[in-house]
Amino acid sequence: MPAPPLIQVHPLDPAAARAELLRGLRGEPPAIPPKYFYDALGARLFAAITELPEYTPTRTEAAIMAARLPEIARALDAQGCTLIDLGAGNCEKAARLFAALRPAQYVALDISVDYLAQSLDCLQRQYLELPMLGVGIDFTRALDLPPQVPAARRLFFYPGSSIGNFTPVAALAFLRALRAAAGDDGALLIGVDLVKDRAVLDAAYDDALGVTAAFNLNVLNHVNALVGADFDVRDWRHVAFYNEAQQRIEMHLEARRDVNVRLPGGALPFAAGRRIHTENSYKYTVPQFAQLMADAGFAVAQAFTDDRDTFALFAARAV
Ligand SMILES: C[S@@+](CC[C@H](N)C(=O)[O-])C[C@H]1O[C@@H](n2cnc3c(N)ncnc32)[C@H](O)[C@@H]1O
C-alpha cells in the first residue's frame, strides 16, 4: 500500500520562520505565534492535553459527533464530497466522519508535515478505498489549495475550536477565505468552544499534571531550534487565565528571573515577570458565532451542542 501523496504548498522556509519569530520576540509585548507549538513533541503534547480530565472540548466535540452524526451528515448533505481537514494533526477526528459522510476524497492540511505524513500513512492502511492527499501548508499565510484538490463539493472540517486562536476580526477574514475556497456548492463543519464558567476555563488551560505548561514551554525549545536562540525552559513559567472582557483564554510564558536570551542580531533581555504572549483562545456564544458565519457568507444549517452548552459544532453551507 503506497503512502498517500504529500504536496508541499508552503515548504518550510527557515528564513521566513526566523524573521517572523524575531519580529514577534522583539515586539511589544513579545509574542510567539501559536503555530510554532507544533514541532514533533508539541504535536504529541497536544494529543496528551486532549486526554486530560480538565480539558473537555475534544471529548465533548467527539461526543457530539458520535451522538449526532446522522443529523450532521443530513445537515451537510456531503456524500461524495472532498473532505478537507484544516490542521489535521493525527487525523483521528476526520476519520470518525468517514462512515457517515462517505466522502469521495480526504485531503489533510497541516503545517507540521512530518507528523501529518505519519498519521496519513497509518490512516490510509485502515481505509484502503478512500483516496487521500496530504498538503503541507500554513493556512494563516494563504489558503492556496493545490490543483489536485477538486474544486467541486468541498467540505471544510475545522474542529477543536482552533478558530479561537484567531482574533474575531482575523477569524472573520479566515472564514471569508474558506467561503471563497468552498465555491457555491461547498460546506463547513466547524467546532467552537463556548463561553462558560471562568474556573472551568482556567483549569482547562492550567491542568494539575502540568501537561499544558509543558506544551507551552516546549515552544521555547522549538524557537531555539528554528532561530538558534538559547532559551532555557527552566527560566520560564506557564501562565494561563481567562480574560473575561476579551472573551479569551490567554497563554503566556513569564520570566522567573532576569534572563538574557541569545538571539541573532543581539541578546534580548527579559526582566523577571516579563511575559511572552503565546496563545489566545477566544470563546463564543452560539449567536455570536452564528453571526460571524453569516457575515462570512455561510448559512448555518444547524448548531449541535452538548446538553451543558459548553461546545458547539456548526454545520453550514455556502450561500
Ligand atoms: C490543536 S491541533 C488540532 C488537531 C486536530 N485537528 C484536532 O482537532 O485534534 C492544531 C493542528 O493544526 C496545525 N496547525 C496549526 N497552525 C497551522 C497553520 N497555520 N497552518 C496549518 N496547520 C496548522 C497543527 O500542526 C496541529 O496539527
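This report covers the salt bridges and the ligand site of a predicted model.

**Salt bridges**

A search of the whole structure finds 16 salt bridges. Side chains of opposite charge can pair when their charged atoms come close.

| Pair | N to O distance | Helix |
|---|---|---|
| Arg 68 and Glu 71 | 2.8 Å | α3 (residues 57-76) |
| Arg 125 and Asp 121 | 3.2 Å | α6 (residues 113-126) |
| Asp 202 and Arg 198 | 3.7 Å | α8 (residues 198-204) |

Start with helix α3. Arg 68 and Glu 71 sit three residues apart there, so about one helical turn separates them. Their side chains meet at 2.8 Å, N to O. Arg 68 is partly exposed, because its relative accessibility of 24% falls between the 20% limit for buried and the 50% limit for exposed. Glu 71 is also partly exposed, at 26%.

Helix α6 holds the pair Arg 125 and Asp 121. These two are four residues apart, which means a separation of about one helical turn. The closest N and O atoms of the bridge are 3.2 Å apart. Asp 121 has 21% relative accessibility and counts as partly exposed.

In helix α8, Asp 202 and Arg 198 are likewise four residues apart, or about one helical turn. Their salt bridge spans 3.7 Å, N to O. Asp 202 is partly exposed at 23% relative accessibility. Arg 198 is partly exposed too, with a relative accessible area of 37%.

Some bridges share partners. Glu 20, Lys 35 and Asp 138 are joined in this way into one network.

**Ligand site**

Which residues come nearest to the ligand? Of the 15 residues around it, they are Gly 87, Lys 93, Asp 110, Ile 137 and Asp 138. By class, the shell has seven nonpolar, four polar and four charged residues.

Asp 110 places a polar side-chain atom 2.5 Å from a ligand oxygen. Ile 111 uses its backbone: an N or O atom there lies 3.1 Å from a ligand nitrogen.

How much of the ligand's area does the protein bury? Taken alone, the ligand exposes 590 Å², and the protein buries 90% of that.

Definitions and conventions: Residues numbered from 1 in each chain as written. Predicted model: local features only at pLDDT ≥ 70, side-chain atom pairs only at ≥ 80, totals over all residues. Heavy atoms only, no water. Salt bridge = Lys/Arg side-chain N within 4 Å of Asp/Glu carboxyl O. Buried < 20%, exposed > 50% of the residue type's maximum accessible area, 1.4 Å probe, protein only. Near = heavy atom within 4 Å. Polar contact = N/O pair within 3.5 Å; in protein donor to acceptor, adjacent residues only side chain to side chain. Areas by Shrake-Rupley, 256 points an atom, 1.4 Å probe, with all protein chains shown as cover. Nonpolar A, V, L, I, M, F, W, Y, C, P; charged D, E, K, R; others polar.
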